[in-house]
Amino acid sequence: MTRDESSRPRHRRRRALPAAAAALVLAAGTVALLSPQSASAGPEHEHDHDHEHSTPQKHLTAADAPDLGPNVDIFDPSMPKDRIQSRLDAVFKEQEKNQFGEERHALLFKPGKYDVDANIGFSTHIAGLGLSPDDTDINGDVHAEADWFGDNATQNFWRDAENMAVTPANGTDRWAVSQAAPFRRMHVKGNLQLDPRNHGWSSGGLLADTKVDGSVSSGSQQQYLSRNTEWSSWNGSNWNMVFVGATNPPAGTFPQPPYTTVDKTPKSREKPFLYVDDADAYKVFVPDVATDTQGTTWSGGAPKGTSLPLTDFFIVKPGMTASQINGALNQGKHLLFTPGVYHLDDTIKVTKPDTVVLGLGLATLVPDGGVTALSVADIDGANIAGLLIDAGRERSDTLMEMGPKGASAHHSGNPSSLHDVYFRVGGAGVGKAAKSLVVNSSDVIGDHTWIWRADHGDGVGWTQNTADSGLTVNGDDVTMYGLFVEHYQKDQVVWNGNHGRTYFFQNEMPYDPPDQASWMDGGTKGYAAYKVADNVTDHQAYGLGSYCYFNVNKSVAADRAFQVPRTDGVKLHHMVTVSLGGTGTINHVINDQGSPANTDHQQSYVVDYP
C-alpha cells in the first residue's frame, strides 16, 4: 500500500445485483448480498491481490513481421503450439491481477488455425490479423475470467478481444468483464457466456460486429450494449440491456424485461484494425461509414473500406516523445501506437483529414505538466482508436479535445470517430483533470468509451483525483454508442449541441461525497449524470442507467439522474436509476419524474420522457 492508502479505508468498486435477482439478508447487524444463482455466494471480496512479478518468456515474433516493439507478440500457425501456449500463459500470469501496472501486451495471430487457450488479463489485447475474423481460427477458448477476484468481474477492465473465430473447448466461451473490455468483430462457433463461471457480479459491457452461432447468456450482467450482432438467441436481463442493429434481438420491451431495441444502427463506422493481406503485407483496414445497418459487416462478405499500407504509419514505441510524434503527423503519417505508457510534455496534435491513430495493447497516454494529451482539429475523417488517456498529477483542463472551441464545420459525409477510447482519472496514481473528453466538432461518432474517475486504487479521494465532468459535447449531430461515464464530481455528461444521439448510457455517481453540502449544484442536491442544456431543441437517447453508492456518507442524495429541457424535440427513452445495495438515494429519474431509488426501493424506471 502507498502512504495515502494506508491512512484511509480502501474503497473497492461495489456492485449490487438487481433487487429482482438479489436478496438482502439481515442477521446480527450484517448485510450480505446474495447471488441469484446461488445463495452461498457472498458479498464483494475486498482482497488486495499484489501483482505477482515474473519474468515471462521472451515475446515471439513471426519471421516476416514488422518491428512493433517489445510488447507485441505475432504468432504464426507454423510455430509449435506449446511455444505459443507457453507465451500466452506467461502473459496471463503477469497480467491476471495487474490492474494498475504499466505492463501492456498485444497478442496478434496471423491467419491460420491454432490449438490454444488464451486467458486474457489486464491491459492485454488479443486479435487476429485476417481481413475477416474467420481467417484466424482458434480451436480453444479466448476468454476472460473473474477467478482472481472471487468470481466477481466488476473490476475486469482494460482488455480486448478482436477479429478471431473461436471454437470453445466445451461449447461455451466466457467473456466475464465489465467496462473497457470489448468483444469486437468476433465469431464464436458455439455459445457465449458474459458473466463469471459461478455467476458472480459483473457490470459490462460491449459486443460489436460479432456473430455467435449459438446462444448468448448475459447472466448477472447489470447492463450491456450489443451493436451490429448476430446470434441464435439471447438469454438474460437485469437493468439495462440495449440492442442496436441486432439481427435477432430478444423479445420484450422495457422495463419488463429491461430491453431496448433499435432495429438498425443509424450511422456508424467500425474500428480500424491491423491485418495481413494475401501477400503477407501488413496493412491497416479503415472501414467505411455506414448507415441503417443490421448484423455484422463481415459475415456476408468482405467489409467495405480502405486498406492503408503500414509504411504510411509512424510506429510509436515506448520512450518516444510528443515532439517526435507530432513531427510524423506533420509529415502526413498516420500513427500506430505499440503497447506502452507514453508520458507527454506537449499535446499530440492531429491536424490532417483522414488521419488514423490506432493503439495496440491499451497504449496509454499520460499528459504531464497539465497539458492536453490529444487534440484533433476540426477536420474530416479522423479515426482515433484503442487508447487509454490517463490523467497526470498536475491538473489538465482537458484530457482530449475533438475540434477547437468554436468549431463550426460540418462533416456529415466523412465524420471523425472514436473507438475504444478510454479515460482514467486516478487509480494508477494521483490524477487530476477538469474535463476528460470535449467534443467541439460536429458529426463525431463515438463507438465505445469509458470515461472514469477512479473509485479505487492509488491516489483516490474526494480531494485527490479531482475531476468535474467526463464528457462535454458542444458540436451538433454527435452520436454516441456505448457511453460509460462514472464518478465525476459535477455534471458527468454535459450536452450543449443540437441533434445529439446516444444509444446506451451507463453511469455511476461519485461514491465519495463526504456530505451533502460538498455536493450541491446551487440549491439542487447533487449533479446530473446526463445533462442536456436548456438551449437544446433536439436530442434523443435510448437505454440509460444511473446508479448511486454513497458509501462515504449514506445520507447523501441526488435530486435527479437525468436533467433535460422539457421540449418536444428532446426525448429520452428507457431510463433506470439504482441505489446499489440501498446505499444512498436518487430522488427522481429525470427532472421531477420517477420515484426514488433508495434503501426501500432500489430501482426506479421511466419509459419515456416527455
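Some ground rules come with it. Numbering starts from 1 along each chain as its sequence is written, and side-chain values use heavy atoms, with hydrogens and water left out. Because the model is predicted, local features need pLDDT of at least 70 and side-chain atom pairs count only at pLDDT 80 or more, while totals for chains, interfaces and linings use all residues.

**Confidence**

pLDDT is the predictor's confidence in each residue, from 0 to 100. The chain has a mean pLDDT of 91, and 91% of its residues reach 70 or more. Residues 1–56 stay under 50, and for that stretch the model has 125 contacts beyond four places in sequence. Contact here means heavy atoms within 4.5 Å.

**Strands and pairing**

Helices (H or I, at least four residues) and strands (E, at least two) are DSSP runs, numbered from the N terminus. Two strands pair if DSSP finds at least two bridges between them. Strands of a sheet pair through backbone hydrogen bonds, either parallel or antiparallel.

| Strand | Partner | Bridges |
|---|---|---|
| β30 (residues 374–376) | β32 (residues 396–402) | 3 bridges |
| β39 (residues 500–508) | β43 | 8 bridges |
| β43 | β46 (residues 570–579) | 9 bridges |
| β7 (residues 124–128) | β10 | 4 bridges |
| β10 | β13 (residues 183–184) | 2 bridges |

Strand β43 (residues 539–548) is mostly covered, with 10 of its 10 residues buried. Buried means under 20% relative accessible area, exposed over 50%, and partly exposed in between (1.4 Å probe, protein chains only).

E162 in β10 has A127 opposite, whereas A161 stands opposite F183 in β13.

**Helix α3 and what follows**

Helix α3 (residues 322–330) buries A322, I325, N326, A328 and L329. Looking down the axis of α3, these buried residues fall within an arc of 155°, so they line one face of the helix. That arc is taken over the directions from the helix axis to the C-beta atoms. An α-helix has 3.6 residues a turn, so residues three or four places apart point the same way. On the other side of α3, S323 and N330 are exposed.

The cover over the buried residues of α3 includes β25 (313–316), β26 (334–337), β27 (341–344) and β28. After α3 comes G332, whose phi is positive, near 90°.

G332 also turns up among the neighbours of K352: leaving out residues up to four places away in sequence, K352 touches L329, N330, G332 and I379. K352 sits in the loop between β28 and β29 (356–367), and is partly exposed at a relative accessible area of 35%. From K352 to A597 is 245 residues in sequence and 48 Å in space, C-alpha to C-alpha.

**Nonpolar cores**

A nonpolar core is a set of buried Ala, Val, Leu, Ile, Met, Phe, Trp, Tyr and Cys residues joined through side-chain atoms within 4.5 Å. In soluble globular proteins, nonpolar side chains tend to be buried together.

The largest core has 71 residues, and F337, M400, L471, Y530 and F562 have the most contacts inside it. Strand β33 (residues 417–425) gives the most to this core, with 4 residues. Apart from it lies another core of 60 residues, including V72, L129, Y259 and V286.

Beyond four places in sequence, the contacts of F337 include V316, I325, Y342, I348, V357 and L387.

**A buried serine**

S268 belongs to strand β20 (residues 265–269) and is buried, with a relative accessible area of 4%. Setting aside its neighbours within four places in sequence, S268 is in contact with R227, D288, V289, A290, T293, I445 and Y481.
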